[in-house]
Amino acid sequence: MDPNWNEQLLSFISASPTAFHACRNLAQRLEREGYTELKEQDAWTLSPGGRYFVRRNGSALIAFRIPKGEFKGFLMMAAHADSPSFKIKEHAAVPTSGMYTRLNVEKYGGMLCASWMDRPLSVAGRAAVRENGRIVMRLLNVDRDLLLIPHVAIHMDRSVNDGKKFDPNTDMLPLFGDAEAAESFDTLIAETLGVNREDVLATDLFLYPRTPGTVWGAKGEYLSSPRLDDLQCVFACTEGFLRSEAGESAPVLCVFDNEEVGSGTKQGAGSSFLEDVLARTAESCGRDLRRCLAGSFLVSADNAHALHPNHPEYADRNDRPEMNKGIVIKYNANQRYTTDAVSAAAFAELCRRAEVPTQRFTNRADLPGGSTLGNISTAHVSVDSVDIGLAQLAMHSAYETAGAKDTEYLIRAAEAFFGSRFVREEDGVSLL
Ligand code: ZN
């Protein structure tokens with residue numbers, strides 16, 4: 001166990017308050033590792049042994065390597081860079097009671113509202129800025145404690161501990177300042193960007209929690225931070241991808257945006273992004289895409305629910321994921337998770353050989369559960385696929401908790417997967 005993994009994970013998460021920042025940080029990391037960025041609007045000439053990445057919308061990224069010899073297919077891992085948050089409306093300032101200025105926000109994805117209250121928040125995202133007659137996209141992060149959503153005191157609402165309903169249009173507006181602050185939000189954004197206020201043409205700005213990540217527990221066994229779902233998987237898949245050895249298949253790392261709102265955007269798993277990149281890669285290498293896909297495998301990596309200490313009754317009676325006990329393979333009869341006997345066996349065997357423990361997750365038969373990237377991706381790129389994740393508590397809280405050992409397990413599994421050989425036989429598949 002390398003104790004630095006958790007430190008590196010927390011520093012990646014803290015530098016990635018939005019999917020735009022996560023994507024930029026990954027691009028910089030890939031460039032340092034010798035990867036070349038390709039643009040979708042350019043012609044691609046790919047070389048054997050080449051390392052490449054493509055970005056879409058500045059918030060989704062696909063990285064891949066071309067094997068030296070004729071390659072048999074793609075070995076893909078997919079995770080998502082977005083997390084539930086609150087998006088700031090363009091006309092943000094809300095003067096309130098002659099005393100305060102709040103910001104006008106709406107929900108992005110399905111968060112645990114209570115967890116966002118009474119903790120310091122800030123603002124990050126991107127802005128379209130007019131610069132020398134052009135419109136350029138700039139990332140920004142107001143990197144200081146700036147906002148807070150205050151709870152109503154228990155003396156004023158005695159029902160608050162008996163199942164509180166949060167109305168996003170009333171209860172979740174963050175406090176920004178006193179009455180005089182009404183004019184200053186747009187100025188703050190322009191100043192953060194270092195431009196004139198009238199040159200900020202449009203924005204995609206989100207709230208993010210400022211509470212730093214930490215390792216805690218009797219033996220330091222837990223890790224808490226904002227955005228563990230799904231930046232823990234993004235981080236681990238990326239590290240495994242970079243450490244993996246060249247094999248006979250092309251390793252492909254996919255980081256999508258907008259999973260929390262259904263993936264149906266041009267940069268989401270429901271878009272043509274992955275299919276476009278694979279088709280162009282196959283074409284540039286003189287390979288038939290359909291034959292390549294028949295020899296490909298996808299691991300969809302998105303965090304899973306650990307057994308809750310106060311509410312074990314929400315877990316399935318047999319499959320009860322535990323933090324620090326390795327990778328969770330997720331099953332669902334209605335195929336919200338793509339795992340089937342073939343893909344589960346191939347992936348679990350790969351983990352066993354890499355000495356990475358695995359466990360299983362299924363929802364209780366009377367709970368619908370969530371869905372994720374795998375079935376959305378495979379509707380576009382139809383390959384054998386398994387859904388996995390790392391066990392965590394309080395998914396979609398502003399401050400989530402996972403196992404301190406599990407990040408390394410996923411890094412090792414990803415490294416083994418990307419360097420493996422996918423074998424399709426008449427009666428099954430294996431990752432050797
Ligand atoms: Zn997720």
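**Zinc site and domain interface**

Let me start with the metal. Along the chain, the zinc donors follow the spacing H-x148-D-x72-D. Keep in mind that this is a predicted model.

Which residues coordinate the zinc ion? His80 does, through NE2. Asp229 contributes an OD atom.

Now the geometry. The four donor atoms subtend angles of 53 to 145 degrees at the zinc ion, so the arrangement is irregular. A tetrahedral call would need all angles between 85 and 135 degrees. For reference, ideal angles for four tetrahedral donors are 109.5 degrees.

Next, the domains. The chain is divided into two parts. Domain 1 covers 4–83 + 226–431. Domain 2 covers 86–209. Their centres, taken over C-alpha atoms, are 31 Å apart.

How many residues meet at the interface? On the domain 1 side, 20 residues are in contact with 18 residues of domain 2. Together the two domains bury about 1400 Å². Carbon and sulfur atoms carry 63% of that area. On domain 1, Phe20, His396 and Ala398 supply 35% of the area buried against domain 2, more than any other three residues.

The side of domain 1 that touches domain 2 divides into eight nonpolar, seven polar and five charged residues.

Conventions: Residues numbered from 1 in each chain as written. Predicted model: local features only at pLDDT ≥ 70, side-chain atom pairs only at ≥ 80, totals over all residues. Heavy atoms only, no water. Domains from an automatic or database assignment. Contact = heavy atoms within 4.5 Å. Buried area = accessible area lost by both parts, 1.4 Å probe. Nonpolar A, V, L, I, M, F, W, Y, C, P; charged D, E, K, R; others polar. Donors = N, O, S within 2.8 Å, 3.2 Å for Na, K, Ca; no water. Tetrahedral: all angles 85-135°; square planar, octahedral: opposite > 155°, others 65-115°.
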